[in-house]
Amino acid sequence: MTFEWTGWHWEQKQQTTTSEIIMETDNKQIIHVCEVSGHDTNGAGTEKMPFKTALRAMQAINGSEEIQILVRKDLVEGFKEISGAGKKKAKKLWEGEEKKRVKAEELKAKEAAEKAARAGDDAKRLEEAKSIKLVNDESLGVATKPNLIYIPISGWVHNLRVQGKDMMFLVLRDGTGHLQCLLKGRVCHTYDALTLTRESTVKVYGMLNEVPEGKKAPGGHELVVDYWELIGRAPSGEENYENQFNEESNPEVLYNLRHLVIRGDRASSILKMRSIIIKAFRSHFESKQVTEITPPLMVQTQVEGGATLFGFKYYGEEAYLTQSSQLYLETTLPSVGDSFCIAESFRAENSHTRRHLSQFSHCEAEYAFIEFDDLLQNIEDMICGVVEAVMNDPIGSQLLKELNPDFKPPSRPFKRMPYTEAIAWLNERNIINEKTGQPFAFERRMTDTINEPIFLCKFPVEIKSFYMKRCADDRRLTESVDVLMPGVGEIVGGSMRISDYQELMDAYKREGIDAAPYYWFTDQRKYGTCEHGGFGLGIERFVAWLLNCYTVRETCWYPRFPGRCQP
Ligand code: 4AD
């Protein structure tokens, strides 16, 4: 037996054995206990390293009556033979412990045997299952009962529940919805059934029934499967879909696994809603005879300030990812008339807020021969029209109910508030920007307090973009508008555009912009100018508002923000 100093205490390197600890004196076997300085773990039962308790000594000698136990109760008196009562008590305790230990060992052995038997059974069952082959009975394809529909369906295993040995419920997902499938008897005895995992792809054939009274299934229907095939097996064990992430996973994990996360109920519903919303925008513009264009995304001009440009080399020349397609849309007015696009815009703003993305879907429209009030009207018509269309869409209304049950369509007309009035509103209420300690220039707090859409109008020239038209009655202000929505803040930015050639040249100069690359844009003011205006709406912010999502990172497909360009 050796002892080693671990830094904390002496550690016995080997398990103490009875023969090692027993001292032999005058042919008598002795074990030592010191109630003052002994130690049950690190002690050795010797005079120098005694145990602490008589029970520990009893354990070491396996309850032997042959070996003498010496006990030291105080250091002056020294070791004395244990009292009869003390020995009896220690023995009784030891016997109790022994009984428990033996019982525990027996139980463990029994459980191990059962487990092995089960594993054997499972392996046997799996082996036998390999020989069970299902046959696709084509004749079943002809439904005999008129109220039953016989259908084959392919999809992903969204959920899987095994009930005993003879029943298995699958919820299949195929993008159009979910369908519960019931696999009974032989159908769920096959090797593929026994080893089926979530997210595997399968093709099932069976009769579509209404679910029995009191039972629940998506859509109230259930496919009773009589034949099915495994198409693609998803991993089991460590790699099992369910082991990859859960609601509590770190956001970084969820962004890394976004390609799997979008298979989940919430993410897929939001993506579906996005599609329905985008379709509603398109229908709205179509109903107003506004033509869709697809703009270039690689450009050589900025729209919303040089600070947020993503630049790259384009065959050796300086180019950017577009911040907005507005300037290009202005060039289609004399070509196809009022136009719109739904295209990607890019902003290299190092913003880590829940409302900013580095790439977003931008719905932009441009109208010729309009005035500022027409522009506001167009925006209001569009927002309310899209909301109405989504609510009238059967899937849209269903998803809206699930994702944002408290949603109420905005009432018209939207509140109109000049910028100066908003500043006064905030200052009157002493609403201070927590970051800067200054009264707010503009803030979502106001929108949230007012709790309805606001047209915030007529921003000062110096805080808006170069292309904005000035107000006729106050040249310090622009004919501009931001639409603010409760919970999200700005979802639309728009304005009337400069229509006068010289005013535009002055604006380039004021902003330090080289007019040369803008020749095609400037030409619009030369070759038949007109009063015109337009706006841009961020689809992700609109979806976040409609669905009450916390962040725009949740309302796009694969979010891009500082530090994230994957997957
Ligand atoms: O206010 P913005 O910058 O206006 C423009 O780009 C104009 N040229 C549009 C136009 O008049 N055609 O952007 C318009 C909208 C914002 O209100 C917001 O909804 C969205 O685009 N947006 C962003 N969305 C997510 N992340 C960002 N970084 C965004 N920047 C703007």
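The protein chain exposes about 31,300 Å², and carbon and sulfur atoms supply 51% of that area. Accessible areas here come from the Shrake-Rupley method with a 1.4 Å probe, and for residues only the protein chains shown count as cover.

The model is predicted: local features need pLDDT of at least 70, side-chain atom pairs count only at pLDDT 80 or more, and totals for chains, interfaces and linings use all residues. Residues are numbered from 1 along each chain as its sequence is written, and side-chain values use heavy atoms, with hydrogens and water left out.

**Overall form**

The protein chain contains 15 helices and 22 strands. Its radius of gyration is 39 Å, well over the 24 Å that the globule rule gives for 567 residues, so the chain is more spread out than a compact globule. The radius is taken over C-alpha atoms, and the rule is 2.2 Å times the number of residues to the power 0.38. Helices (H or I, at least four residues) and strands (E, at least two) are DSSP runs, numbered from the N terminus. Along the principal axes, the C-alpha trace spans about 125 × 80 × 50 Å.

Of the 567 residues, 44% count as buried. Buried means under 20% relative accessible area, exposed means over 50%, and partly exposed is in between (1.4 Å probe, protein chains only). Among contacts (heavy atoms within 4.5 Å) between residues at least 6 apart in sequence, 63% join residues at least 24 apart.

There are 72 positive and 83 negative side chains, and the centres of the two sets lie 5 Å apart. Lys and Arg count as positive and Asp and Glu as negative, while His and the chain ends are not counted. The place of a charge is NZ of Lys, CZ of Arg, CG of Asp or CD of Glu.

**Domains**

The chain is divided into domain 1 (26-131), domain 2 (141-241) and domain 3 (265-554), with bounds from an automatic or database domain assignment. The centres of domain 1 and domain 2, taken over C-alpha atoms, are separated by 55 Å. Four residues of domain 1 are in contact with six residues of domain 2.

**Backbone geometry**

Most residues other than glycine have a negative phi, and most peptide bonds are trans. The peptide bond joining Arg412 and Pro413 is cis, with omega about -5°. Pro413 lies in the loop between helix H10 (394-403) and strand S18 (415-418). A cis bond also runs from Gln566 to Pro567, with omega near -10°, and Pro567 lies in the segment after helix H15 (539-547).

Glu199, in the loop between helix H4 (191-194) and strand S10 (201-210), has a positive phi near 75°. Glu199 counts as buried because its relative accessibility is 6%. Phe369 also takes a positive phi, about 55°, although it is not a glycine. Phe369 sits in the loop between strand S17 (359-368) and helix H9 (372-392), and at 68% relative accessibility it counts as exposed.

**Helix residues**

Helix H15 is mostly covered, with nine of its nine residues buried; among them are Phe542, Trp545 and Leu547. Just after H15, Asn548 takes a positive phi of about 55°.

| Residue pair | Sequence separation | C-alpha distance |
|---|---|---|
| Glu330 and Tyr367 | 37 residues | 8.3 Å |
| Met391 and Lys272 | 119 residues | 14 Å |
| Val261 and Glu47 | 214 residues | 66 Å |

Glu330 lies in helix H8 (residues 326-336) and is buried, with a relative accessible area of 3%. Leaving aside neighbours within four places in sequence, Glu330 is in contact with Glu366, Arg497, Phe521, Gln524, Arg525 and His532.

Met391 belongs to helix H9 and, at 32% relative accessibility, counts as partly exposed. With neighbours within four places in sequence left aside, Met391 is in contact with Ser397, Leu400, Phe407 and Pro409.

Val261 lies in helix H6 (residues 258-261) and counts as buried at 15% relative accessibility. Not counting residues up to four places away in sequence, Val261 touches Phe245, Leu254 and Ala267.
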